[in-house]
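Welcome, and thanks for taking a look at this one. Below is a short briefing on selected side-chain pairs, backbone angles and helix contacts.

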Amino acid sequence: MRILLLADIHSNWPALSAINETFDACLFLGDVVDYGSDPVPCIDWVRRYATAVVRGNHDHSVAQRVLMRPAGTFRRISAALRPHHFRVLSDDHLTWLARMPVTRYLTLGGHRLLLVHATPRDPMDEYIPDSEEQWQQRLEHVNVDFVCVGHTHIPMHLHLPNTQVINPGSVGQPRDGDPRAAYAVIDRGEVQMHRVAYDIDQCIDHMRQSGIDEEIVQKSEQILRTGGRTTTSALNEL
Ligand SMILES: [Fe+2]
């Protein structure tokens with residue numbers, strides 16, 4: 001059983017389409033939309049290929065038509081891309097986003113898995129860095145083999161006494177200093193972290209063709225080309 005783990009695609013179709021993996025199951029860990037300008041093929045791909053999905057904070061805010069507060073670079077980019085999302089997404093897309101579950105438990109290939117975008121305590125918003133102590137506190141009573149999360153945009157693989165925690169990193173907006181799309185594979189129980197380069201020019205061109213404000217395009221380009229290495233304060237505005 002080969003399980004593909006994807007998270008934080010963020011409307012970046014060139015990044016998602018660069019992932020060329022065979023898989024028996026695909027698990028999507030939230031934030032398919034926002035920040036990028038091409039949400040439709042991203043949602044359609046996830047709907048077609050993902051065995052199970054969970055909702056991210058950005059999926060939730062787009063589906064509920066809630067604007068992000070205009071403070072900080074990431075929130076400004078999100079606010080600038082929101083009208084574009086409402087233009088190109090159908091009611092069917094928005095309904096699908098709104099109905100994504102916030103947690104999923106499932107068993108695949110004999111592995112028990114918990115899927116959640118952020119943490120089990122606060123499924124869409126809580127931020128925890130790769131601290132074994134903090135994750136252990138939250139997962140003390142969770143009885144699964146793998147806890148699969150997203151949200152931070154930073155790859156992580158923790159071996160805790162009772163489980164493993166995997167964050168595959170972000171497909172469409174990495175923030176660990178490596179601009180390549182990030183994802184993970186669980187292959188017969190073994191966790192592999194992967195990166196793949198993609199066409200960032202195509203992504204930026206699509207933003208310009210979509211009529212996104214030039215200042216926002218340039219900020220997005222800077223984040224995508226540098227792998228958006230973030231500070232603690234920036235992480236507070238995920
Ligand atoms: Fe995200």
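Which side chain meets that of arginine 195 in a salt bridge? The partner is aspartate 176, with N and O 2.7 Å apart. Please keep in mind that this is a predicted model.

- Aspartate 176 has a relative accessible area of 18%, so the residue is buried, the cut-off being under 20%.
- Arginine 195 comes out at 22% relative accessibility and therefore counts as partly exposed.

**Salt bridge between glutamate 126 and arginine 138**

- Here too the side chains meet in a salt bridge, with an N to O distance of 2.7 Å.
- Distant parts of the chain are linked by this pair, whose members are 12 residues apart.
- Glutamate 126 lies in the loop between strand S5 (111-116) and helix H6 (132-139), and arginine 138 is in helix H6.
- Glutamate 126 counts as buried because its relative accessibility is 12%.
- Arginine 138 has a relative accessible area of 17%, so this residue is buried.

**Salt bridges around arginine 188**

- Arginine 188 forms a salt bridge with aspartate 187, and their closest N and O atoms are 3.3 Å apart.
- Are these two residues buried or exposed? Arginine 188 is exposed, with a relative accessible area of 68%, whereas aspartate 187 counts as buried at 15% relative accessibility.
- The pair also takes part in a network of salt bridges that links Arg2, Glu21, Asp187 and Arg188.

**Crossing of helices H2 and H5**

- Helix H2 (residues 39-49) and helix H5 (residues 91-99) have axes that come within 11 Å and cross at roughly 55°.
- The crossing of H2 and H5 is left-handed.
- On the H2 side the contact is made by Val40, Ile43, Asp44, Val46 and Arg47, and on the H5 side by Asp92, His93, Trp96 and Leu97.
- Sorted by class, the contact of H2 with H5 has five nonpolar, one polar and three charged residues.

**Crossing of helices H4 and H8**

- The axes of helix H4 (residues 73-88) and helix H8 (residues 214-226) come within 10 Å, crossing at roughly 130°.
- H4 and H8 are therefore oblique to each other, and their crossing is left-handed.
- H4 makes the contact through Thr73, Phe74, Arg76, Ile77, Ala80 and Leu81, while H8 contributes Glu215, Ile216, Lys219, Ser220 and Ile223.
- The contact of H4 with H8 divides into six nonpolar, two polar and three charged residues.

**Backbone angles with positive phi**

- Most residues other than glycine have a negative phi.
- Histidine 10 has a positive phi, near 50°.
- Its place is in the loop between strand S1 (2-6) and helix H1 (13-17), and histidine 10 is buried with a relative accessible area of 2%.
- Tyrosine 35 also has a positive phi, near 70°.
- The loop between strand S2 (25-28) and H2 holds tyrosine 35, which counts as buried at 4% relative accessibility.

**A loop residue, asparagine 143**

- Where is asparagine 143 found? Asparagine 143 is in the loop between H6 and strand S6 (146-148).
- With a relative accessible area of 60%, over the 50% cut-off, asparagine 143 is exposed.
- Asparagine 143 and threonine 107 are 36 residues apart in sequence, and their C-alpha atoms are 12 Å apart in space.

Technical notes:
Residues numbered from 1 in each chain as written. Predicted model: local features only at pLDDT ≥ 70, side-chain atom pairs only at ≥ 80, totals over all residues. Heavy atoms only, no water. Salt bridge = Lys/Arg side-chain N within 4 Å of Asp/Glu carboxyl O. Helix = DSSP H or I, 4+ residues; strand = E, 2+ residues; numbered from the N terminus. Buried < 20%, exposed > 50% of the residue type's maximum accessible area, 1.4 Å probe, protein only. Axes fitted to C-alpha atoms, helices over the stretch in contact; angles between N-to-C directions. Left-handed = near helix turned anticlockwise from the far one by under 90°. Contact = heavy atoms within 4.5 Å. Nonpolar A, V, L, I, M, F, W, Y, C, P; charged D, E, K, R; others polar. Parallel < 35°, antiparallel > 145°, perpendicular 65-115°, else oblique.
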